[in-house]
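Please look over the sequence and the model before reading on.

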Amino acid sequence: MSPLRTLLLSVACALAVSPLLSSCCSTCKTDTVAKQSLYDRLGGEPAITAVVDDFVGRAAPNPQVNFTRQGSAMPFEASAEKVAHLKQMLVEMIANASGGPQKYTGRSMKNVHAGMGITNAEFDALAGDLKASLDKFKVPAQEQKELLAIVGSTRADIVSGR
Ligand code: HEM
């Protein structure tokens, strides 16, 4: 293929989000749209940060989550600094797991949550808060499914209580 044709095809591919163009460019669609990471489909770091902010805002005061681990061996003092750090770690983790360029610099899920006695019901309540945030930001069903699967994959490392 000539370099000019390759360039023109790349431009058309970049625009293939338009249904009109994508319908006349099935090769591009397979090459470009199918390769778009979950990270890009979610809207990158700004979108992930907005979801994490809203989500932590719901989960922190939710008694069914018991975020501050009252009555457990590891009560958590939710100072503004600690909550800000937790949000930053969540953004890194979700960005990294969804295909973004970020590195996750936090601790392992097993180590962080060890001793918190988190139950399956608390984990489900947390996932429910995340779903509510995704609904609020009108994240489409497919992206919700993929993101909730990423979060769900941490369950075995996080749940330790009955
Ligand atoms: C009911 C379920 C959960 C509860 C009650 C909970 C609670 C907490 C608390 C209190 C901390 C702060 C610990 C500290 O700074 O010493 C923390 C840290 C963290 N949690 Fe969770 N968590 C839950 C589920 C999850 C899930 C599902 C994820 C990810 C998918 C997650 C990711 C993280 C991350 C990334 C950190 C920060 C790690 C770091 O500072 O190095 N947590 N969690």
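Which residues of helix 8 are buried? They are Glu122, Leu126, Asp129, Leu130 and Leu134, where buried means that 20 or more other C-beta atoms lie within 10 Å of the residue's own, exposed means 12 or fewer, partly exposed is in between, and C-beta atoms are placed from the backbone. The model is predicted: local features need pLDDT of at least 70 and side-chain atom pairs count only at pLDDT 80 or more, while totals for chains, interfaces and linings use all residues. Residues are numbered from 1 along each chain as its sequence is written.

**Helix 8**
- Seen down the helix axis, the buried residues of helix 8 fall within an arc of 140°, so they line one face of the helix; the arc is that of the directions from the axis to the C-beta atoms.
- Asn120 and Asp135 are exposed on the other side of helix 8.
- Helix 5 and helix 9 (141–152) are among what covers the buried residues of helix 8.
- The 17 residues of helix 8 should span 24 Å at 1.5 Å a residue, and the end C-alpha atoms are 24 Å apart, which agrees; the expected span is 1.5 Å times one less than the number of residues.
- Lys138, which follows helix 8, has a positive phi, near 55°.

**The chain**
- The chain has ten helices and zero strands; these are DSSP runs, with helices being H or I of at least four residues and strands E of at least two, numbered from the N terminus.
- Of the 162 residues in the chain, 17% are buried.

**Nonpolar core**
- The largest nonpolar core has 19 residues, and Ile48, Val52, Val91 and Ile94 have the most contacts inside it; such a core is a set of buried Ala, Val, Leu, Ile, Met, Phe, Trp, Tyr and Cys residues joined through C-beta atoms within 7 Å.
- Helix 4 (38–42), helix 5 (44–59), helix 6 and helix 8 each supply at least two residues of this core.
- Not counting residues up to four places away in sequence, Val91 touches Glu45, Ile48, Thr49 and Val52; contact means C-beta atoms, placed from the backbone, within 7 Å.

**Around the ligand**
- The ligand is surrounded by 21 residues, the closest being Phe76, Met89, Gly106, Arg107 and Glu122; a residue is near if its C-beta atom, placed from the backbone, lies within 6 Å.
- Helix 6 (80–97), helix 7 (109–113) and helix 8 (120–136) give two or more residues each to this shell.
- Helix 6 gives the most, with six residues.

Key:
Contact = placed C-beta atoms within 7 Å.
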